Amino acid sequence: MTELPARRLLLVHAHPDDESINNGVTMARYAAEGAHVTLVTCTLGERGEVIPPGLAHLTGAALGEHRLRELTAAMRSLGVEDFRLLGGAGRFCDSGMMGLPDNDDPGCLWQADVDRAAALLVEVIREVRPQVLVTYDPDGGYGHPDHIQAHRIAMRAAELAAEAGCPIAKVYWNRVPRSVAEEAFARLDEDLPGLPFAKAAGIEDVPGVVDGERITAEIRGDGTAHADAKAAAMRAHATQITVAEPYFALSNDLAQPVFTTEYYELVRGERGFEGGRESDLFAGIGEAS
Ligand SMILES: [Zn+2]
C-alpha cells in the first residue's frame with residue numbers, strides 16, 4: 001500500500017452537499033496542507049428536492065447519479081480526492097424527511113442495521129487510519145433521519161475500529177456557537193431586501209447550534225482561498241443550494257448565512273491544549289501516530 005500522509009481526516013455525512021455546507025473550509029484547508037482528507041457520504045440524497053426548474057424532472061436513481069456528479073465537482077473545488085459512498089453508491093438510499101412513509105423503505109439508511117453499516121465504515125477506517133473524525137451530534141444537527149443515522153454509524157464505527165486496534169484519536173461534532181448564529185442572522189435581516197431570497201431562515205434551521213462554551217475548536221476561513229473553495233463547492237450542488245455570498249438557501253428558499261469559520265466540539269480524545277479553542281483539529285496529535 002502506498003504510504004499515507006502523516007495527518008488523516010475522516011468526515012462522515014448523510015447526503016452530497018452536507019460536507020460543503022458544514023466543513024467546506026476545513027476540508028479545503030487540510031487538503032491544501034497535504035493532509036489526507038476522506039469523505040464518506042452515506043446516501044446519494046435521492047429524495048432531495050430539486051431547486052432548478054430545468055432539473056426538476058430528476059428523481060430517484062437519476063437524481064442520485066446527478067448528485068454524485070455534483071459531489072465530484074464539489075470535491076474538485078475543495079481539492080479532496082478521496083470521497084466514497086458508504087458501502088458503494090446506492091447501497092443505502094435517502095430516507096426522506098422525518099415522519100414520511102419514505103422512512104419505511106427497506107433500502108433506506110434509516111432502516112439500516114447500525115452495526116452492519118458501521119462495519120462498512122470500519123473498513124475505510126482500517127484502510128485510511130484517520131486520527132480525526134468529524135460527524136454530526138446525536139440529533140444529526142437538525143433531526144433528519146439520515147443525519148441521525150450517519151451520527152450513529154460514525155460513532156459506532158469509531159468504537160468498533162478501536163476494538164479492532166485502529167483507534168481514532170479525536171472525534172468532533174459539527175457545531176455553530178449561538179452568538180455567532182444570532183449575529184449572522186441579524187446581519188441577514190438587514191441584507192435581505194437586496195438578496196434573491198424572499199425570506200430568512202431561523203437559527204433553528206442551522207444544524208448544531210449550541211452555547212459557545214461547548215465549542216472547542218474553530219477553523220477560520222474568512223478572507224482565505226478556503227472560503228472561496230467552500231462557496232464554489234456549495235455552488236456545485238446546484239440541485240440543492242442557491243448561493244448568494246455570504247448567504248445561501250436550500251430548496252425552501254429561506255436565506256441563511258454561509259459560515260466561513262467552522263466550529264467543532266471535541267467529544268472523544270484529548271484537547272491539544274487547555275484554555276481557548278483549538279485552531280487545528282490535529283492539535284496534540286504526534287507525528288508518529
Ligand atoms: Zn443532508
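# Sheet, zinc site and pockets of a predicted model

An open sheet of four strands has the order 6-11-10-9 and mixed pairing; strands here are DSSP runs of E with at least two residues, helices are runs of H or I with at least four, and both are numbered from the N terminus. Two strands count as paired if DSSP finds at least two bridges between them. The model is predicted, so local features need pLDDT of at least 70 and side-chain atom pairs count only at pLDDT 80 or more, while totals for chains, interfaces and linings use all residues. Residues are numbered from 1 along each chain as its sequence is written, and side-chain values use heavy atoms, with hydrogens and water left out.

- Strand 9 pairs with strand 10 (residues 247-249) in the antiparallel sense, over three bridges.
- Alanine 244 has tyrosine 247 in strand 10 as its bridge partner.
- Strand 1 and strand 2 run parallel and are joined by six bridges, with leucine 11 opposite leucine 39 in strand 2.
- Six of the six residues of strand 2 (residues 36-41) are buried, where buried means under 20% relative accessible area, exposed over 50% and partly exposed in between (1.4 Å probe, protein chains only).
- On one side of strand 2 the buried residues are His36, Thr38 and Val40, and on the other they are Val37, Leu39 and Thr41.

**Zinc site**

- His15 (ND1), Asp18 (OD), Asp18 (OD) and His147 (NE2) coordinate the zinc ion at 2.1 to 2.5 Å.
- Donors are N, O and S atoms within 2.8 Å of the metal (3.2 Å for Na, K and Ca), and water is not among the atoms, so sites may look incomplete.
- Histidine 15 lies in the loop between strand 1 (8-13) and helix 1 (18-32), and histidine 147 lies in helix 4 (residues 145-163), 132 residues apart, so that the pair links distant parts of the chain.
- Both histidine 15 and histidine 147 are buried.
- The spacing of the donor residues in sequence is H-x2-D-x128-H.
- The angles among the four donor atoms are 54 to 144 degrees, and the site is irregular.
- Four donors are tetrahedral if all angles lie between 85 and 135 degrees; four are square planar and six octahedral if opposite donors are over 155 degrees apart and all others between 65 and 115; anything else is irregular.

- The largest pocket holds about 870 Å³ of space.
- It is lined by 42 residues, of which Asp18, Ile21, Tyr142, His147 and Leu250 are the closest to its centre.
- Elements that each supply at least two residues of this lining are helix 1, strand 5 (170-177), helix 6 (225-236), strand 11 (254-257) and strand 12 (261-268).
- The second largest pocket has a volume of about 280 Å³ and 16 lining residues, with Val180, Ala184, Arg187, Asp222 and Phe259 nearest its centre.
- Helix 5 gives the largest share of the lining of the second largest pocket, five residues.
- A pocket is an open set of points on a 1 Å grid over the protein atoms alone, where a 1.4 Å probe fits, with protein on both sides within 12 Å along at least five of seven lines; lining residues have an atom within 4 Å of a point.
- Grid points are joined across faces, edges and corners, and a volume is the space filled by probe spheres set on the points.
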